[in-house]
Amino acid sequence: FYPCNMARFFVAFVLCLLVSTAFTQDHNGFVGTWVDNFGFTVQLCITDGQATLEGTYNEFGLIKADLLDFGESATGTFYNTRYQTDDECPRGDFNWHLNGNTVRGSWVCYDHLSGGEWTLDRIIPQDRPSESECFTINDSANRNALHGAWDYDFSYVDDDDDWDICIDGDVWFASYGEPGTVGSTYQFGEVFEDGLLLSGSYLTIVDSYGSIQAGGVTIELTEKTDVLSFNWVSPSTNAQAIQGSGAAHFTWNGIQQSPRDSTGSDCERNAFLSIGYYDDDDYIPNLESSGSVLTYSMLLIALVAGVIAF
């Protein structure tokens, strides 16, 4: 009787060990650095107690997905950095299935107007990226934790260089820099991941003539409780992102929260830059042309004159 029970116990122990080992191996199988069929370099990490797959590619896109089938499959959402009128897909859903050093799956844009195959091949020798390198989302933060003042230069000085972000339901808007100065920026877009990821557009004054550069922006509160921001000049294409030209994009990372609060007026102080820039269905003029710069200058002069008269 005793040897029989011992034998059963041993068999049960071995079976549990095998299942546990297989489960762990499958979950960790997605972890690593991959190259996809578009040419992006994709870094993937496992978070939330091996329940979630998160990652990034080319300082351009972010992904977040639920792990299924003992970690062999993932279903989730991708976010690309696009300006509001760029032709290519800004975000959508995807599903992946892991098979050793390859991943097979598909994607579909949020508007269901585009989609296709999405496959990945692991880079060998294997590289295990950290959560910081995967830019994982801080899921433990409060909802809409990005709402507030953020200090880009780490000086914690209450001035117009602070970056003020306001979240209003499912939309957001933000301002950076002193109004009318080179580098001053207005941003706006939609809210995702319980207010911990913002996707949208930016408008920046790029020279003393008032020329405006338009582009896409993706903002995230990272696991390190600081802010990450991908910024790509419009038109933002996959080919451009894969090439990774420094002239086409810039990334802010490690931005810390300022102790002061942000009001609606703080976030809207550069909203005048969006004159002529509306929603996805409206025509967006090219303000970098001489005629448009003149129009913009006349609008700014009129605005200043109105303030003086008041």
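A residue is called buried when its relative accessible area is under 20%, exposed when over 50%, and partly exposed in between (1.4 Å probe, protein chains only). By that rule Cys 89, at 9% relative accessibility, counts as buried. Welcome to this predicted model, in which local features need pLDDT of at least 70, side-chain atom pairs count only at pLDDT 80 or more, and totals for chains, interfaces and linings use all residues. Residues are numbered from 1 along each chain as its sequence is written, and side-chain values use heavy atoms, leaving out hydrogens and water.

**Disulfides overall**

- Searching the whole structure turns up 3 disulfides, each a pair of cysteine sulfur atoms within 2.5 Å.
- Counting bonded cysteines along the chain, the pattern is 1-4, 2-3, 5-6.
- Helices (H or I, at least four residues) and strands (E, at least two) are DSSP runs, numbered from the N terminus.

**Cys 45 and Cys 134**

- The sulfur atoms of Cys 45 and Cys 134 sit 2.1 Å apart in a disulfide.
- Cys 45 belongs to strand S2 (residues 41–47) and Cys 134 to helix H2 (residues 131–134), so this pair ties together parts that are 89 residues apart in sequence.
- The link of Cys 45 and Cys 134 is right-handed, with 75 degrees about the S-S bond, and both cysteines are buried.

**Cys 89 and Cys 109**

- In the disulfide of Cys 89 and Cys 109, the sulfur atoms are 2.2 Å apart.
- Cys 89 is in the loop between strand S5 (73–80) and strand S6 (91–99), while Cys 109 is in strand S7 (residues 102–109), so the pair ties together parts that are 20 residues apart in sequence.
- This link of Cys 89 and Cys 109 is right-handed too, with 100 degrees about the S-S bond.
- Cys 109 counts as buried because its relative accessibility is 3%.

**Cys 166 and Cys 267**

- Cys 166 and Cys 267 form a disulfide with sulfur atoms 2.1 Å apart.
- This pair links distant parts of the chain, 101 residues apart: Cys 166 in strand S11 (residues 163–168) and Cys 267 in helix H4 (residues 264–267).
- Both Cys 166 and Cys 267 are buried.

**Nonpolar cores**

- A nonpolar core is a set of buried Ala, Val, Leu, Ile, Met, Phe, Trp, Tyr and Cys residues joined through side-chain atoms within 4.5 Å.
- The largest core has 55 residues, and those touching the most other members include Phe 30, Trp 96 and Trp 163.
- Strand S16 (residues 227–233) gives this core its largest share, 5 residues.
- Another core, of 14 residues, lies apart from it and includes Tyr 186 and Cys 267.
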